[in-house]
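Open the model in your viewer and keep the selection tool at hand.

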Amino acid sequence: MKIHFTLNGQVFETDAAPNETLMAVLRRNGLFGVKHGCETGECGACVVLLDGIPVTSCVMLAAQADGRDIITIEGVGGMQERGWRGSEPLHVLQTAFIETGAIQCGYCTPGMVLAAKSLLDRDPSPTEHDVREALAGILCRCTGYVKPVEAVLRAAARLRGEAVPPIGGERGISPPPDLFSPPRDSVGDDFPPPDIGAGDRGYPDVKTRTLPVMLVAPEVDTLQQVGKPVRKVDARKLVQGNPAFTDDVEMRGMLVGKLLLSPHAHALIKHIDASKARALPGVHAVLTHEDVPRVPYTTAGQSDPEPGPHDNYSLDYKVRFVGDRVAAVAAETEEIALRALELIDVEYEELPVVFDPRDSMQPGAPVIHDEPDSWLIEDRERNLAAVVEWEVGNVEAGFAQADRVFEATYYSPKVQQTPIEPHVVVTWWDEDDRLVIRTSTQVPFHVRRILAPVLGLSEKRIRVIKPRIGGGFGVKQEVLLEDICAHLTIVTGNPVRMEYSRAEEFYASRSRHPMWVTLKTGVTNDGQIVSNSMYVLSDTGASGTHAMTVAGNTGHKAMALYNAPNIKFKTDIVYTNTPPSGAFRGYGVPQGFWALEPHIERIAREMGFDPLEFRLKNAIKSGDEHPVSKAWSEGREGAAEYIQSCGLAECVEQGAAAIAWADRFNNPGWHTVPGKPHLRRGIGMAAVMQGTAIPRLDMGAASIKINDDGSFNLLVGATDLGTGSDTVLTQMAAEVLGCTPEDFITYSSDTDFTPFDKGAYASSTTYISGRATVIAAEQVAGQMRGVAARMLNKQEGSFAPVSSDDLVLRDRAVHAPDGRRVTHREIALNSLHHEDQQQIMGIGSYISPESPPPFAAQYVTITLDTETGQFTVDEMVMAVDGGVIINPVTASGQVEGGMAQALGYGHCEEMVFDQNGRMENTRFGPYKIYRADEMPNMGVIFIETYEPSGPFGAKAVAEIPLDGVGPALVNAVYDACGIWVYDGPVLPEKVWRALHEKAAE
């Protein structure tokens, strides 16, 4: 059928099937700014403006748009017909999003800009409450919504003709006594505490903050590019909705790949008949386990040799969870592919199941991986994927020394990463008969190495391209769709596109490992922890991906924070018939602190110690040996590592000041709400540490070359997930080379063209890839000084000879002590064209011998309804020691977004399964993540320390925000009403039940 509408100001006519969605039609016509994130209209990635009103195009039929006016992100600002994209003017909203750092992965940015445009078209003077409501339909997993809200308010002010201050200024800022304006407990009758209910918060006009509060390391005060809020190098193309993501491509003859997934949690495939599916017109291939090589591999994107079980197969004769692969289809359309799946006849023999990890190792439990060809499984007969065990000192002797011994068990739930962009892959044969894999991955080089034996191709015949990624958070540190999509291209010879639906992303990808954590701690009466023991039962699901290293990290990081002389850790990582667990931002550490920090809080309160002082008395300090470093390492063999930078005490102090801890903790008046006796306020905190990179194992590399005009090409294998790593690496190179980030073309993550990098995980990019970038830049700078010295010494006049060692790079030139200068362009032309010609370039590689930990103090306040158990999180403050902060805007965005993810983990997110192992909440809404209008006030403080081993003194920032919110919530709930909830998330019914049990005692 023909439909007509106005599209971005132009009359538009196209064909559309009666059942075709508006999103599908727009993307088919090249409007790639309209994104797919779900099929139910709940994520908002597909938002367009229909007659000026935001609508979700994934649930709207194209026929419904007939005769209407549609605006997509491509119609905001400049129009495509103007030719060269770089000349297109930006809308004031787009400019504000760039300035404030509101763009991280950028996948949800078009929807946010459109929703905000609709708001400002109606109301040029919105309040923050209005902005948050307008953005509530656009889910974002990256930003925490702080900077997008600030961007909209900034744009509104500009549209009203008001002057707005520039983003930037001095880096050394003393934190104010209160990060929030007004504070939640001082707004009086104008903002009474709500009766707690999602969506009924009632926001005051709070002050958003583009820049964090910072206490600056004095070592970096003279730097020109490092430490500055430089705009992201990829921001413009993302805010314009340019085709930057994996699925934003069109190819002649491209097929659609789809998977048939198991309806059973544990079964043998006794018989499979695909003949009817193969006979369906438009089907090009159907693959079953009978059609592909049987090669065991791990989906975990880790360095060689991968440490975990190799227990995955592209297709197998056995299924081990609901959602496991059964068959794959490639067809000319999605409709044909789905019809073909229905025509595949499968006969299953159902097997006994085990869903509870506490039952997995029991005698008689069904063996999940009984196949003989899987390997690196610790004990398949006991469903034991891996074991980690170590001891420092003697914990039993320490318990005997203690005056009090505390023991408790805690549970952290199974949660999903939910990147708004699902897993998506496109594969094709190139003109040289090489397989190209364009994929949304964090680990392109690992993908190539792992897939080579699976596909029966050498690495040199595989090219992996990583475009922009619409969120990763660890779930894309996996090889999930790449193998089966490649198999389909190999069989058909055609390009093939595969993408998970939102439901498949939930139950067929990966999740955080659920863990049962038992802690036993011995303390003396003077407040010294003398012995600390942790046992972890980790549920790896149906596959051992990341099994050992995630659980090992739980003990390595959490048990190191409090430097007891006697520490013991053991973990059993077991299989269950549930969707496989895997990597999730934080990588096992949030589970450890979920248990440790409520445990420490309970000890402090029961023994009468000040919770802050008790923590700092026992915490690791600068100069200490990392207590676990010689016992176990995620990388190669353990070795002694010493803490060279630690700002934990300052983090605790500054965070406490910002949240007004001294005025609230132990203050009965603050804990009550006048006129509402059923409401109680609570305040909680958690101290946490993480790691920076994997020592003695993972490597990153970078190369830099100069161009004729004095600009540079920076090629890095590092993967930017929206974290801003392309930007911070460019800032470091610019600092060394005396220019600005605008002088660089930065290209990342293509296995054909960029140097090797292990990928984006373990909080390593700034530290590892940054050091490699600095090494490469220093080589280039040295060569430039050499050329400049030669040029200066040939100048006529009575000038003293100069040595290259005398020269300084700044302001796009090389400067001599006598005031003469040679520009970068002049150096490039001389070197490339005029004399002693050579390409000025450098290559740097780096592998770290250590893993310097970042530290943080997390604070939260809540208001809790004792009649229902519901509570509202009012404020969150995180004070972070991440070393020197290379870019305060991108770094604070990482902390804000991480706190938002951690808030969901602690408060409301959980994958729920029925008695047959089928996930019940496979869509947004039933699986609850926070919206813009539900977020508490958030504050970020950076306590800069100078880490000698890091580039420009930097450590990690990206993962530590996941560690503290959950346990701080547990502690705040206890502070509010005197009950402990040890199993996450802290749902209202758990609080209500605990309150009633307490009342019945």
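Helices (H or I, at least four residues) and strands (E, at least two) are DSSP runs, numbered from the N terminus. This is a predicted model: local features need pLDDT of at least 70, side-chain atom pairs count only at pLDDT 80 or more, and totals for chains, interfaces and linings use all residues. Residues are numbered from 1 along each chain as its sequence is written, and side-chain values use heavy atoms, with hydrogens and water left out.

**Stop 1: the pockets**

A pocket is an open set of points on a 1 Å grid over the protein atoms alone, where a 1.4 Å probe fits, with protein on both sides within 12 Å along at least five of seven lines; lining residues have an atom within 4 Å of a point. Points are joined across faces, edges and corners, and a volume is the space filled by probe spheres set on them.

Select Ala24, Val256, Glu334, Glu335 and Arg497. Of the 34 residues lining the largest pocket, these are the closest to its centre. The volume of the largest pocket is about 1300 Å³. Now colour α1 (22-28), β7 (255-261), α8 (334-343) and β18 (496-499); each supplies at least two lining residues there. β7 gives the most, with 5 residues. This lining has 15 nonpolar, 6 polar and 13 charged residues. Here Ala, Val, Leu, Ile, Met, Phe, Trp, Tyr, Cys and Pro count as nonpolar, Asp, Glu, Lys and Arg as charged, and the others, Gly among them, as polar.

Move to the second largest pocket, with a volume of about 940 Å³. Select Val233, Asp234, Ala235, Arg236 and Lys237, the closest to its centre of 30 lining residues. α2 (92-100), α6 (235-239) and β25 (744-748) each supply at least two residues of this lining. Which element gives the largest share of the lining of the second largest pocket? That is β25, with 5 residues. By class, this lining has 13 nonpolar, 6 polar and 11 charged residues.

**Stop 2: the rings**

The structure holds 16 aromatic pairs. Rings of Phe, Tyr and Trp (its six-membered ring) pair if their centres lie within 6.5 Å; planes under 30 degrees apart count as stacked, over 60 as edge-to-face and the rest as tilted.

Show Trp594 and Tyr905. Their ring centres are 6.0 Å apart and their planes are at 50°, so the pair is tilted. Trp594 is in helix α15 (residues 589-607) and Tyr905 in helix α23 (residues 888-907), 311 residues apart. Both are buried, that is, under 20% relative accessible area (1.4 Å probe, protein chains only).

Over a ring means CZ of Arg or NZ of Lys within 6 Å of the ring centre and within 35 degrees of the ring normal. Lys520 lies over the face of Phe399, at 4.6 Å. Then select Tyr410, Tyr974, Trp980 and Tyr982, a cluster linked by ring pairs.

**Stop 3: the backbone**

Most residues other than glycine have a negative phi, and most peptide bonds are trans.

- Asp304 and Pro305: joined by a cis peptide bond, omega about -5°. Pro305 lies in the loop between β9 (283-287) and β10 (318-319).
- Gly984 to Pro985: cis, with omega near -10°.
- Ala693: a positive phi of about 70°. It is buried, at 8% relative accessible area.
- Ser749: a positive phi of about 65°. Look in the loop between β25 and α21 (765-793).

Methods: Buried < 20%, exposed > 50% of the residue type's maximum accessible area, 1.4 Å probe, protein only.
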